[in-house]
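Let's take a walk through this structure together, one feature at a time. Keep the 3D view open so that you can follow along.

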Amino acid sequence: MMVVNGSPLPNLPWEECSVDCRDIVWRSKQNPIITRDAVPDANSIFNSAVVPFEDGFAGVFRCDDTARIMQLHAGTSRDGIHWAIEPQRIQFQCADDEIGKFVYGYDPRVCWIDDRYYVTWCNGYHGPTIGVGYTFDFKTFHQIENAFLPYNRNGVLFPRKINGKFAMLSRPSDTGHTPFGDIFYSTSPDMEHWGHHRFVMGPKYGWQSTKVGGGPMPIETSEGWLIFYHGVITSCNGFEYSFGAALLDLEQPWQVMYRTAPYLMAPREMYERVGDTPNVVFPCAALVDAPTNRIAIYYGAADTVVALAFARVDQVIEFVKSHSEL
Ligand code: BMA
């Protein structure tokens, strides 16, 4: 029997799939759950990360302002659906002014490891790279060294050390709207020095033919690390972002055991089709209730709003295995 290695989270947001629903991942009827109205002067709030915190939830949100500067804001919620987001961006405390100087920050991920919440994001430092910071309380945030040289995006930490080292997925990129993208795996003894880089996976045909990148933090199961990842196809109107899932080996996560040939979710609803960047679903976080297999996936839609979807770990794993092409 498949087992999720995680904590109970009975209060995660949840809606059952409707009786006639055939989807493995289904959308919340309350979508979009977060719009620009949550922050004064926001142009858009999307691609954001949430985690369990105290009696409820906390998160780091991508809020682009009306000057279209990409910023990170902290927020809290009782139910995971209604959010109080700070009107001011996070001011990271950093021992090194060169690294702490704010240029832009976007597409955050948040991951509890050992004793604190780590935040990774796409950080402007002579081009995009992976910024790393941490918080204990979602009030004070500390920033440490960037994980990699520019150019890199989509830094996704694993929720525990693997073989004694911190572990991260990332996607080396360029300075623009990168027309390529492979997922790599790197490890670090101290969250500062990253190395032992290994190739995980690259684009394939169809919905994932242009590039792929990590999404929410990996979910540990007895079948392997379950990851959701985004895939991009280039149409005559530009990039379209969908997402699928893969199972990675528990001890050697760069070994891909299964990977979805079809997507799990592609832009379909109006809020995914229409926005500042049309046709984008971009998952950055997943809450899991281990005993019941329930997953709530937070994803950015059309680079404009945050939306919520649901799935069950066992059903996703069964789908990945039966629809896999490596
Ligand atoms: C990527 C990032 C994401 C965005 C996506 C689609 O390169 O900028 O934040 O959602 O493009 O525009």
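The report below goes from the ligand to the cavity, then to the disulfide and the backbone.

## The ligand and its surroundings

A word before we start: this is a predicted model. Begin at the ligand, which has Asn-47, Arg-62, Tyr-106, Asp-107, Tyr-241, Thr-277, Val-280, Phe-282 and Asp-303 around it. Sorted by class, this shell has four nonpolar, two polar and three charged residues.

Which side chains place a polar atom by an oxygen atom of the ligand? Asp-303 is one of them, with a side-chain N or O atom 2.6 Å from a ligand oxygen. Arg-62 has a polar side-chain atom 2.7 Å from an oxygen atom of the ligand. For Tyr-241, the distance from an N or O atom of the side chain to a ligand oxygen is 3.0 Å. As for cover, the ligand on its own has 310 Å² of accessible area, and the protein covers 88% of this.

## The cavity

The volume of the largest cavity is about 30 Å³.

To find the largest cavity in your viewer, select the residues that line it: Arg-109, Val-110, Cys-111, Tyr-118, Thr-120, Val-156, Leu-157 and Met-217. Six of the lining residues are nonpolar, one is polar and one is charged. At least two lining residues come from each of strand E7 (105-113), strand E8 (116-124) and strand E11 (152-157). E7 gives the largest share, with three residues.

## The disulfide

A disulfide is a covalent bond between the sulfur atoms of two cysteines. Across the whole structure, a search finds one disulfide. The partners are Cys-17 and Cys-21, with 2.0 Å from S to S. What is the handedness of this link? The angle about the S-S bond is -55 degrees, and the link of Cys-17 and Cys-21 is left-handed.

## Backbone details

Most residues other than glycine have a negative phi, and most peptide bonds are trans. With that in mind, here are some places to check along the chain. The peptide bond from Asn-31 to Pro-32 is cis, and its omega is near -10 degrees. You will find Pro-32 in the loop between strand E1 (26-27) and strand E2 (42-53).

Pro-150 and Tyr-151 are also joined by a cis peptide bond, here with omega at about 10 degrees. The loop between strand E10 (141-143) and E11 holds Tyr-151. Finally, turn to Asp-114, which is not a glycine but has a positive phi of about 65 degrees. Asp-114 sits in the loop between E7 and E8, and these two strands each supply at least two residues of the lining of the largest cavity.

Conventions. Residues are numbered from 1 along each chain as its sequence is written. This is a predicted model: local features need pLDDT of at least 70, side-chain atom pairs count only at pLDDT 80 or more; totals for chains, interfaces and linings use all residues. Side-chain values use heavy atoms; hydrogens and water are left out. On a 1 Å grid over the protein atoms alone, a cavity is a set of points where a 1.4 Å probe fits but cannot get out, and a pocket is an open set with protein on both sides within 12 Å along at least five of seven lines; lining residues have an atom within 4 Å of a point. Grid points are joined across faces, edges and corners, and a volume is the space filled by probe spheres set on the points. Helices (H or I, at least four residues) and strands (E, at least two) are DSSP runs, numbered from the N terminus. Ala, Val, Leu, Ile, Met, Phe, Trp, Tyr, Cys and Pro count as nonpolar, Asp, Glu, Lys and Arg as charged, and the others, Gly among them, as polar. A residue is near a molecule or strand if one of its heavy atoms lies within 4 Å of it. A polar contact is a pair of N or O atoms within 3.5 Å; within protein, one must be able to donate a hydrogen and the other to accept it, and residues adjacent in sequence count only if both atoms are side-chain atoms. Accessible areas come from the Shrake-Rupley method with a 1.4 Å probe; for residues, only the protein chains shown count as cover. A disulfide is a pair of cysteine sulfur atoms within 2.5 Å.
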